[in-house]
Amino acid sequence: MMGKYSRLQIALYFGLISFLLFLTTLFLYMYAIGKQQLFAQLFIARIFYMPLFVHIIVISLTVSAVIYFLLTFLEKRQLGKLEGKLQNLASGNYDQPSLDIALTQDKEMMIVDHDIKRIKEKLVSMSRELQQLSSQPQMVDGTTKEKILEEERHRLARELHDSVSQQLFAAMMMMSALNEQSQYSEELEPYKKQLAMVADIINAAQSEMRALLLHLRPISLEGKSLRQGIEQLLKELQTKIQIKLKWDVEDIHVSASIEDQLFRVVQELLSNTLRHAKANELEVYLKIVGQNILLRVIDDGIGFEAKDEHAGSYGLRNIRERIAGVGGSTKIISFKGQGTSIEIKIPVVNGTSPTDN
């Protein structure tokens, strides 16, 4: 940020200027006290067994080094503030006061500041347009896309529940009966281990089916508030799956389109956790922080390597697309064997500010 001169060049310039100043001052002093052969005196006179000329060079280089490190410190400080602004933009924290504070009076930095403000305005405008666009129904042959998807989900859920789910339940009952008989029958004694394995497979398939049915259930809030809808999902989950749940969901009021997208995302996250995470504990938090809606879902499951391009599968990609569709951001932190944390942030921009429904 030093303009057309680098830090090293400026430091060397200062070192050269200090060298010339020391040299000129020393010549003037020696001339004033009547010394002859001024230039030779630089090598004749010694301090700590070293010629005076060497001391002048060392002092000049020290000045250069001090100037260089001082400029480096100041530049890193400016770049740190610039990085903070960019991180706030990337995280959707458009309401941070630091975004409107000038970094410095340096001309180049003022230009960068101006560009950041323009980017902020464009991002806010894009978020507003995306949220407004998402609230408009998409029509397909005279029927809304959401209605078509909801009817198809209903159909699939009914078919799975009436056929596959019932068959799995019947198979589980038969396996339970066989396992009980094996306790008293010598003929079935060699097959105890295999019977137990089959029972575990059927039980896992039932858990998968419950997760699928949860995912395919009606996707609208059906007149309930977002908080009521999420709490109903979690309470229903508690009755079907052996998992420890903890939640803190605020009663927030935003546009219907954002509420709907958040509800679908929570639904999909719960389904993904049940199907893939193998978690024993699950935490869900939803609140308003500043001018942002913050949703955080944490589990203690098997996790995955976030850098893996296949990590998180289609479900997480779909969630990212949903959140991006309303101008939000998704942050996923996961490590194998250490669980997963998913943080979703949606800015509430002017024009879509929280209002009572």
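Is Arg264 buried or exposed? Arg264 is buried, at a relative accessible area of 10%; buried here is under 20%, exposed is over 50%, and partly exposed is in between, with a 1.4 Å probe and protein chains only.

Okay, some ground rules. This is a predicted model, where local features need pLDDT of at least 70, side-chain atom pairs count only at pLDDT 80 or more, and totals for chains, interfaces and linings use all residues. Residues are numbered from 1 along each chain as its sequence is written, and side-chain values use heavy atoms, leaving out hydrogens and water.

So, what does Arg264 pair with? Its side chain meets that of Asp260 in a salt bridge, 2.5 Å from N to O. By salt bridge I mean a side-chain nitrogen of Lys or Arg within 4 Å of a carboxyl oxygen of Asp or Glu. Both residues sit in helix 8 (residues 256-277), four residues apart, about one turn of the helix. Helices are DSSP runs of H or I with at least four residues, strands are E runs of at least two, and both are numbered from the N terminus.

By this rule we get six salt bridges. Another one joins Glu75 and Arg7, at 3.2 Å, N to O. Glu75 is in helix 3 (residues 52-91) and Arg7 in helix 1 (residues 7-32), so this pair ties together parts 68 residues apart in sequence. Glu75 is buried at 11%, while Arg7 is partly exposed at 23%.

Then there's Arg296 with Glu343, at 2.6 Å, N to O. Arg296 is in strand 7 (residues 292-299) and Glu343 in strand 9 (residues 340-347), so the pair ties together parts 47 residues apart in sequence. Arg296 is partly exposed, at 27% relative accessibility.
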